[in-house]
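Colleague: I have the file open and would like to go through it with you. Shall we begin with the ligand site?
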Amino acid sequence: MDLGEGIRKAIAKINGASVIDEVAVNEMIKEIQRSLILSDVEIELVSKLTSNIKKQALEAKIQAGISNRELIIKIVYDQLVLMMGENYSPQLNSQKIMLVGLFGAGKTTTCAKLAKFYSSKGLKPGVIAADVHRPAAYEQLEQLSKSINVDFFGIKGETDASKVVEKGLEHLHKNNCQVIILDTAGRSAFDVELAEELKVMSRIYAPDQTYLVISADIGQVAGKQARQFNSNVKIDGVIVTKMDGSGKGGGALSAVNAVGGKVCFIGSGEKPDALEVFDSKKFVARLCGFADLPALLEKLKDSAQEEALMKAAEIGKLDYESFMGQLKSLKKMGPLKGVLQMMGAYDLPADVVGKSEERLKKFEAAVNSMTIYERRNPQAMKNISRQARVAKGAGLDPQTVKELVSNFEKANKMMKGFSSNKGLLRRMAKGFPQLGSGFGGF
Ligand SMILES: Nc1nc2c(ncn2[C@@H]2O[C@H](COP(=O)(O)OP(=O)(O)OP(=O)(O)O)[C@@H](O)[C@H]2O)c(=O)[nH]1
Ligand SMILES: [Mg+2]
């Protein structure tokens, strides 16, 4: 089960609850905790995150206009985004970058990716192969550099990494490289030897940016690892690789939090161009499987409208503004014919559908010509001279506006009649067209 699935399951729990009370929120929190832990997020981080979600969710019940489910998704999402930190804006000037990380994290590949990135921004990059431990490290970086056409420096057979760094800086500066990227050796686990080597290299190289490279599938140890690196060489940011794989990514969340919450780049493939500048919203959307958050947020707006209409109907104060909003969301469902067919009305004569659509357009034009006062005080529109003015503004004849006003009045009366039946009211508010005829013939 991925994190997204777990979170959706948690949300489903609260979705069934009629009110967001402490019991319902606790049920949901338990499920979120479970899925975060299964996704390798550190326990401390899970409790911090879930206590924030809980606080917000309980406070949120006073927010009107958004359905429980969507509200909770948004809270969970916002808290995850908050925890992931801000979007990254890489500095586009001369700089020295050092990459550190454990075996196979993707350091060497990321060297090439960064070189390609800065080169595409008009800066001349150069890379230094300072991994003197892994036999093929030199060739790997040399080959990658060739494929993307950037300067490369390494000393084949050299066992002293400091020497490679010193000579490399000299060489690449001579070649006028502006962004110098240093590849370092990995280890299977963090040890004293690695710590010592990194400290020495960092002193000689004096990097402007030191990035910790971690793989998205690394698991819970990511946080611990990040702290170990950070206590020896100051980590400026994290690069999460292999986000394209089946990695759960939760470990990345922990690592980021452990070093002050900054992801800088995301690796999303093996090729040198598979690098993205970090965008926290995109990352969390991917992590949680909310493929289309803009659509979700759009829906949030719709449900606010729905709720406003319900309220208006309940207190018997439907006005042109809320009614218009409702008609708009009905329109969003697609062409009227398709919507009606969806509801089981297959044999509608084309001219009936056509007429309804025509009427909707006219209604919209008329409402657009009303003043805000008129929209909010529908009784004002019973006035003939106001109708004449609106007709003129909307390019309609006064008789049509009169009909529209009378249709609206009928709908309004009907809504009041239904206000005691909440279930039906809700369905109406959702714009179910089988009730459309009740909307005064719209
Ligand atoms: N799918 C995918 N594979 C990646 C990504 N980044 C790196 N890899 C692959 O992961 C493997 C290890 O990458 P390297 O760049 O060699 O990792 P490293 O940290 O330099 O490894 P050591 O030098 O052994 O410590 C290679 O097969 C890469 O092609 C990524 O973002 N996505
Ligand atoms: Mg390497």
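Colleague: Which residues are the closest to ligand 1?
Modeller: Gly 106, Thr 108, Thr 109, Gly 186 and Gly 267 are the closest of the 21 residues that surround ligand 1. A residue is near the ligand if its C-beta atom, placed from the backbone, lies within 6 Å of it. Helix H5 (residues 107-120) supplies the largest share of the shell, 3 residues.

Colleague: What should I know about the model and its numbering?
Modeller: This is a predicted model, in which local features need pLDDT of at least 70 and side-chain atom pairs count only at pLDDT 80 or more, while totals for chains, interfaces and linings use all residues. Residues are numbered from 1 along each chain as its sequence is written, and chains are lettered from A and ligands numbered from 1 in the order in which they are written.

Colleague: How many helices and strands does the protein have?
Modeller: There are 19 helices and 8 strands. These are DSSP runs numbered from the N terminus, helices being H or I with at least four residues and strands E with at least two.

Colleague: How do H2 and H3 pack?
Modeller: Helix H2 (residues 22-38) meets helix H3 (residues 43-59) at an angle of about 155°, and their axes are 10 Å apart. Axes are lines fitted to C-alpha atoms, for helices over the stretch in contact, and angles run from 0 to 180 degrees between N-to-C directions. H2 and H3 are therefore roughly antiparallel, a term for angles over 145 degrees, whereas those under 35 count as roughly parallel. The residues of this contact comprise 11 nonpolar, 2 polar and 2 charged.

Colleague: And what about H7 and H8?
Modeller: Helix H7 (residues 161-174) and helix H8 (residues 192-205) pack at about 20°, with axes 10 Å apart. That angle makes H7 roughly parallel to H8. By class, their contact has 6 nonpolar, 1 polar and 2 charged residues.

Notes
Angles under 35 degrees count as roughly parallel, over 145 as roughly antiparallel, 65 to 115 as roughly perpendicular and the rest as oblique. Ala, Val, Leu, Ile, Met, Phe, Trp, Tyr, Cys and Pro count as nonpolar, Asp, Glu, Lys and Arg as charged, and the others, Gly among them, as polar.
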